[in-house]
Amino acid sequence: MTEATPLCDIGFIGAGVMGKNLTLNLADNGYRVAAFDLDNERLNSLLNQDALERGDQPARVIGCSSYTELLSRLSAPHLIVLSVPAGEAVDDICHKLIHAGIRADDIVVDTGNSLWTDTVAREKDYEGKFIFFSTAVSGGEIGARFGPSLMPSGDPFAWSRIKPIWEAIAAKVDPETGEPIESFEPGKPVTEGEPCAAYIGPGGSGHYVKMVHNGIEYADMQMICETYQVMRDLLGMSALDIAQVFGEWNKGILHSYLMDISAQVLATIDSDTGQPLVDIILDKAGQKGTGLWTAMSSLTLGSPAPTIAEAVYARSLSALKHERVKASTILAGPDQTEFSAEQKNDIIQALHDALYCAKICAYAQGFHLMKTAADEHGWQLNFCEIAKIWRAGCIIRAVFLQSINDAYERNNELQNLLLDPFFAKQVSVYQQNWRKAVANATLSGIPVAALSSALSYYDSYRTAVLPANLLQGQRDFFGAHTFERTDQAKGLKFHVEWSQPGRPMIRIK
Ligand code: 6PG
């Protein structure tokens, strides 16, 4: 380092897909970044890209060959951002930074898809050594490069330092229309509009919110896939025909990033075979775990998210390819029906409405889960802000999130999104077609697990008396688990001596 080399604003560790793009985004916004990656090739690719994009301007990303050099290149107190795989790698780097001389007032920000409880533990573990802060990032490669949705949480002092940086690199929304303001040109970041970065709350809460975002993402993706399968297998439509339908749907209430990319995937032709690419892609879904964590959290907290759980199961079932192929030759389904063009159009419309209603339910489940978690952990989550920062940059960005924002603006204490007057009305208007779509698919033997679980969720949630009275009777019968009576005060427990003559009832003290 020469005397004249100015110190950098930010240290960045990890030059993988997300790290590289976040670093270039920071550089675009005028920040000087000292970058480090154990993999030299990745680091060089980042440095070359920065040099290319800066043209005749001085480079804004400086490569470092060790953690010690990284610290020496930064102005103090140091701000270091990590973009490394969730899990052990985060702690490994934190320990290396301690060894390299990081100080108590330095800040380390984890931007990976970490399990939120790990984040809570890390905040404690590194107390006194440095400030561990977290920021969950959504938006994939393009989002990271040109504007992601950011969910920061942790130490408020650290947030005051990081806030202007995150607000600069985040996706932006037009405050008037709620629509994303986008630029995909290196060196020309969007500087106006509302940034999709908002402080979520105490340590771990940002990663929890991102986890639920991913759970909703799983549900949303699965429901789109189910409508595709019905069109393919029930209506015999080609990938290109379905792409066209999705393209149309994307112009209305279903307008979203996931709808858009689904249409694009369906419209893509495989260059080797000349077939639609989607017909060549193996039907085995992968998963990295965030959907599973959401489903597990919903089960643990007793905040039902069946559509998210079904989406996780659907991926697991898809992975049983070998078994499914075998079963398809053994297990019978119903006879197939032929449809007229008019019937086909009706079915497509029903699928559209089903997708819309089921989507509302999936989001309702996700927001309900966040509310339950907030109550459990004492977080003050601002649901209006959460919906706002999901309007652009993230994978589940959709026109629909403006309506969710409006719903929580009306009432941040809303028990369930379905109870908001706008959404209650929407579902009541479209529900008949939702029922038809699920019934059609079921009668034809086409699985629509997520669409139908959302419908069952809706029907269960709106049912004043569920059959859990019989269930409580069963539990008391075999396990003396007791029950409450509808005609007695809340909390009073009763048990029937089921094996005694006359089955006497006793009140449990
Ligand atoms: C995002 C994505 C991103 C990633 C997830 C899901 O918000 O940018 O959710 O975090 O795509 O890890 O991955 P899986 O589908 O592999 O679980």
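Because the model is predicted, local features need pLDDT of at least 70 and side-chain atom pairs count only at pLDDT 80 or more, while totals for chains, interfaces and linings use all residues, and side-chain values use heavy atoms, with hydrogens and water left out.

Start by colouring the domains: the assignment gives domain 1 as 10-201, domain 2 as 207-461 and domain 3 as 468-508, such bounds coming from an automatic or database domain assignment. If you select domain 2 and domain 3 together, their C-alpha centres lie 40 Å apart.

Next, select helix α1, residues 17-28, and find Asn25 within it; helices here are DSSP runs (H or I, at least four residues), as strands are (E, at least two), numbered from the N terminus. Asn25 is buried, with a relative accessible area of 2%, where buried means under 20% relative accessible area, exposed over 50% and partly exposed in between (1.4 Å probe, protein chains only). Leaving aside residues up to four places away in sequence, Asn25 touches Gly143, Ala144, Arg145, Phe146, Gly147, Pro148 and Ile169, a contact being heavy atoms within 4.5 Å.

Now move to Asp28, which counts as buried at 9% relative accessibility. Which residue forms a salt bridge with Asp28 at 2.8 Å between the closest N and O atoms? That residue is Arg145, and since Asp28 lies in helix α1 and Arg145 in helix α6 (residues 140-146), the pair ties together parts that are 117 residues apart in sequence. A salt bridge is a side-chain nitrogen of Lys or Arg within 4 Å of a carboxyl oxygen of Asp or Glu. Arg145 is also buried, at 4% relative accessibility.

Finally, select helix α7, residues 156-169, where Glu167 and Lys163 lie 4 residues apart, about one turn of the helix. Their side chains meet in a salt bridge of 3.7 Å, N to O; Glu167 is partly exposed at 26%, and Lys163 is partly exposed at 35%. A search of the whole structure finds 21 salt bridges.

Technical notes
Residues numbered from 1 in each chain as written.
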